Amino acid sequence: MDDALISLEKVTKVYGGGTRALNEVTLSFEKDEWTTIMGPSGSGKTTLLNIIGCLDVPTSGIVRIAGNEVTGVGQAALTRLRRENVGLIFQQYHLIPYLTALENVTLAQYYHGSPDDSKAVDALKNVGMGHRLDHPPAHLSGGEQQRVCIARALVNEPAILLADEPTGNLDQTNGNMVLQLIERLHEEGRAIVLVTHNPDISGLGDRTIRIVDGSVEQDSKFRGDRNGE
Amino acid sequence: MGVASVLIGAAVVTALFTVSLGVGDQVGQEFTKYGANLILQPQSNTIEIGLPGVNMGSVTEQKYINESDLWMIKTIQYRANVLGFAPFLYQMVTVGDGPNAEQAVMAGTYFNKTIQIMQPASPQDPSEFTTGIADVSSWWKVTGNWITDQNDTTSAMVGSNVAQKLNLTVGDSFKVSYAGAQNGTAATNVKELKVAGIMESGGAEDNQIFVNLPVAQDLSSRPGKVDTVQLSALCVRCPVEDIASEIQGKLPGVVGTTIKQLTNAEMGMLDKYQSMMTLVTAVALLASTMGIFTTMTASVAERRQEIGLMKSIGAENRRIASLFLAEATLIGFIGGITGFGVGIVLAQFIGLSVFSTTMPVKWEVLAVVIPIAIGVSLLASALPIRRATAVEPAIVLRGE
């Protein structure tokens, strides 16, 4: 667990009103591991992703990201940890509508403190969007917008990519294209945590965690098994 | 919406500031319609006469103000507040001859006199000042014409009562004679005059005949002499008494008397005017603040996802705050600039409606309005910006 990229020890999250979203969850995520988190709606998947991504803090328990303990740190430190370690891929892409594809990517660089147009262009070319640099999101298809979102998540070279239902808003063709892209990024050595309730996708990762009622019901690792190795 | 709110506030502030700055001239000129508020007279020596234990009254030595000293009025510290003045030299004259002759008071004065200021108080000061009775008595109703030529020695403006008594109409000629002493012997000077206009003031002036000052001085053989000077002075931030005492210092032997009732009324009017403008400005700025607050609050609410996204990809609170601060500053700047333009138009409307004249564009108002507009915009944005920085980045994943 000490070598883990992310580790959670007895993490509990209780929202105002007493809703217990996570209940003493203990997990660790290794470098270059693709983990798929599954579970029914309201099971705590997104809360878990929020905590892994430093978007939220647990009510109790310990969270470590790249060796840094997240528990008890302030918002500014949490933002810095997120900025330096995490890339986020959203179901609804969340591109800024009045910025071009390139500007949406460079925005992440700007907040990271390392704006570099050529690197942003490379990130977009890497996801097959080199020909759409100056297009605003409204001129892009859903699949293209998701690829811009992935380029934005990648541009600062984070240690881990967190994807929340990345194919949820896409048709099968575009969904497959995005999954192939995520698979390629994983093969390049990136840790991936993907939240989905699509069972077809769960088989693509190295590991599947099933969350039910805020607790880990199943944690299956099949690295190597999937390819018959 | 935000720019429109600032625009309205900035326009009102611009209009009121422009009118306020122009008011020194415009209200001042307006006040001259109410006549002089300061009278200059020569200091007279009064000598008690009588015998021990028997008081036989007093005699007052006749003294004059020298016409040649009048330019010094425009060299006092508050010279800009001296809006106009008119000297008067009075004498009893006989109008007409024979059994229909009537006694009347003739007053020599300035109608439209350009005075040379021999030693201007400042190099920037003009070397001339044009003034006259129209500056202190502009409410007169005149049938016919004002005398406009300062060298006109044959025209007279006749009071309505005198004109009625003598059956004079505009264009009529009449004779005036002044009986006085010349070189120790009795002498009568006669002058033929033509009625340029018949004036009506509702006061003592209706019983008088007005001519250019040199005409009266010649007729009564008192060259360069003046009995009194009526002066219209306006001082927004100082009492008129200060102007009177300054003139007394410049013109020895002259006593300045303020017409307190009128002066106080003028000051009261100005105070009320300033208070009203302050109130209207405050209300306009409050309305602007509310408008911007509403706009920025709506903007933050509409952009919660965007703010959450920015935070989720690494934006710190100061980045989010600076984004909205920049937006508020831009709204303030654009609203201020456009509001200034609209305000200038509004000021012209107020100027033409209230003072029957246009208001000069004061560029220094722009230097005041822009910071006010930006300040109001930033102030109104403070709470919405606080709300923006409180947006949790997790909302982008929760899909709220």
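How many bridges join strand 1 of chain A to strand 4 of chain A? The legends below take up this pairing and other close-ups. This is a predicted model, in which local features need pLDDT of at least 70, side-chain atom pairs count only at pLDDT 80 or more, and totals for chains, interfaces and linings use all residues. Residues are numbered from 1 along each chain as its sequence is written, while chains are lettered from A and ligands numbered from 1 in the order in which they are written.

**View 1. Strands 1 and 4 of chain A pair in an antiparallel way.** Five bridges join strand 1 (residues 6-14) to strand 4 (residues 60-65). Strands here are DSSP runs of E with at least two residues, and helices are runs of H or I with at least four, numbered from the N terminus. Two strands pair if DSSP finds at least two bridges between them. Thr12(A) has Ser60(A) in strand 4 as its bridge partner.

**View 2. Four strands of chain A form an open sheet.** Their order is 2-1-4-5, with antiparallel pairing. Strands of a sheet pair through backbone hydrogen bonds. Strand 2 (20-29) and strand 5 (68-69) of chain A each have a single partner strand, so one side of each lacks a neighbour in the sheet.

**View 3. Helix 3 of chain A crosses helix 4 of chain A.** The axes (lines fitted to C-alpha atoms over the stretch in contact) come within 9 Å and cross at roughly 120°. Angles run from 0 to 180 degrees between N-to-C directions. Residues are in contact if their C-beta atoms, placed from the backbone, lie within 7 Å.

**View 4. Helix 4 of chain A also crosses helix 5 of chain A.** The axes of helix 4 (residues 117-126) and helix 5 (residues 142-154) come within 8 Å, crossing at roughly 135°. Ala123(A), Leu124(A) and Asn126(A) of helix 4 meet Val148(A), Ala151(A) and Leu154(A) of helix 5.

**View 5. Chain B touches chain A.** Here 16 residues of chain B are in contact with 19 residues of chain A. On the chain B side, helix 7 (304-312) and helix 10 (395-398) are the elements that give two or more residues. Helix 7 of chain B supplies the largest share, five residues.

Key. Contact = placed C-beta atoms within 7 Å.
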